[in-house]
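Below is a short briefing on one protein model. Keep the sequence and the structure in view while reading.

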Amino acid sequence: MLETPPTPPPLHRSSRRAIALAGGALLVAVFAAYANSFSGPFLYDDETSILQNPTIQAWWRLGEVFSPPGHGATVSGRPVLNLSFAINYAFGGLEVGGYHVLNVAIHAFAALALFGLVRRTLLQPALRERFGDGALPIAFTLAALWALHPLQTEAITYVVQRAESLMTMFYLLTLYAFVRSVQSASPPRWQLLAFVTCLLGMATKENMVSAPILVLLFDRAFVAGSFAAAWRQRARFYGALAATWILLAALVASTGGTRGNSAGFGVGVSWWDYALTQFPALAAYLRLSFWPRPLVFDYGQLYIGNFTAIWPQACLVAALIVATGFALWRRPALGFLGALFFAILAPTSLLPGTTQMIVEHRMYLPLAAVLALLVPAIYRLAGRRALVLALMAAGPLGYLTFQRNADYRDEIVLWQDTVAKAPANATAYAALGGAFSKAGRTPEAIPHLEAAIRLR
């Protein structure tokens, strides 16, 4: 598995103090943007994965922790995610604040991993001449925009969607460990770390499936220069990464292959009908990347009558797929970003689901690919001054994130916001009625439950 390539040439080096200050600023900014999220209640799927999940109540009984409920709960087939909730339970029981703090800490650590990955990638020989002098400010700007973007709130403030942020942290660490391995005089330890984080990611969420392929694409684009050279230098390492698919396959099989009949083939949803919903979904994700309003907690079930209803979005997505394929052939660095975007979204876009067609937390990692295309382009076109302007956008984004977190402070408030933004969503009306009922406000619950019945 572990092979030692030739010693790499020396890199441009930023001062350790500057790197530490940038990392510290990221941490402060993330916790400031999410400071008002710590008292938000458990919501929706938190109930089955946390409140009603006995397997998290004794972290030392690892057999139980690593066998989470398999009835379609968010933790189904995801033992590392379940372990993270067990750790929370061990320190604070069902006190919600600790779960939120750990979610924000995972997000902050993922932002640091993205910062380190981008900076070191820009210092690779393939990019050093164009971006080496700006590697630190580009990486910091990109990581700050990604970390403070309000589109990320669902993956962080909605406790159970730690699945997305934790998987992303492992995904980024796998890539980071790889790039460190090719820049180190002692690659084996970094290759071992990449293998471990890849394995942990596979046990966190199924979207990690593309990580071994993306590491190979990264190697070809930024390090080795060709697939043949990458394979020749690191064949055993890629074999080890591919072996992590065995664990993922076993975990998927443990849920019946359909996550408790909630996603996959044979769940009662036509593949074609579901696929049609993903063209407007992908278009919506891209729009929200640039204009993050309105943000909707639950979009409800989306049904497309026929292809003619979504042909503009289909043309956009098809064009992006073709552009990604061409770039992988002729411009591997750009192709890698396109491949990362589509690879993370592919499992949930290609496998039919029974309830969720558009879900904002799916853009958590793909947003990094969008920004990785945009921020270096700004630097190349207009230099550091334009980069400062781009970084200034992080402030308003962080404020919008702070505002969006306020919607999560109360279950009734969140579902009222959802109903206002998605008035045809029967699920939202039913959940709002349920929230009023739990609060003992039955007269207010009745009209919303009736609306849910009419919409269904």
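Is Trp 311 buried, partly exposed or exposed? With a relative accessible area of 49%, Trp 311 is partly exposed, because the word exposed is kept for values over 50% and buried for those under 20%. The model is a predicted one. The points below cover its surface patch, its nonpolar cores and its salt bridges.

**Surface patch**
- Trp 311 belongs to helix α14, which covers residues 311–330.
- Together with Trp 271, Trp 272, Phe 307 and Leu 350, Trp 311 makes up a nonpolar patch on the surface.
- The accessible area of these residues together is about 560 Å².

- In soluble globular proteins, nonpolar side chains tend to be buried together.
- The largest nonpolar core here consists of 97 residues, and Trp 146 and Tyr 171 have the most contacts inside it.
- Helix α9 (residues 162–183) contributes the most to this core, namely 13 residues.
- Leaving aside residues up to four places away in sequence, Tyr 171 touches Asn 207, Met 208, Ser 210, Ala 211, Leu 214, Leu 340, Ile 344 and Leu 365.
- Another core, of 31 residues, lies apart from the largest one; Phe 85, Val 159, Ala 435 and Ala 451 are among its residues.

- Side chains of opposite charge can pair when their charged atoms come close.
- The structure has nine salt bridges.
- One of them joins Glu 206 to Arg 78, with the closest N and O atoms 2.7 Å apart.
- This pair links distant parts of the chain, 128 residues apart: Glu 206 sits in the loop between α10 and α11, and Arg 78 in the loop between α3 and α4.
- Glu 206 has a relative accessible area of 16%, so it counts as buried, and Arg 78 is buried at 7%.
- Arg 234 forms a salt bridge with Asp 219, where the closest N and O atoms are 2.8 Å apart.
- Because Arg 234 lies in helix α12 (residues 227–254) and Asp 219 in helix α11, the pair ties together parts that are 15 residues apart in sequence.
- Both Arg 234 and Asp 219 are buried.

**Other salt bridges**
- Glu 444 and Arg 441 meet through their side chains in a salt bridge of 2.7 Å, N to O.
- Glu 444 is partly exposed at 35% relative accessible area, and Arg 441 is partly exposed at 33%.

Key
Residues numbered from 1 in each chain as written. Predicted model: local features only at pLDDT ≥ 70, side-chain atom pairs only at ≥ 80, totals over all residues. Heavy atoms only, no water. Core = buried A, V, L, I, M, F, W, Y, C linked by side-chain atoms within 4.5 Å. Buried < 20%, exposed > 50% of the residue type's maximum accessible area, 1.4 Å probe, protein only. Helix = DSSP H or I, 4+ residues; strand = E, 2+ residues; numbered from the N terminus. Contact = heavy atoms within 4.5 Å. Patch = residues over 30% accessible without salt bridge, like charges linked within 9 Å, V, L, I, M, F, W, Y side chains within 5 Å. Areas by Shrake-Rupley, 256 points an atom, 1.4 Å probe, with all protein chains shown as cover. Salt bridge = Lys/Arg side-chain N within 4 Å of Asp/Glu carboxyl O.
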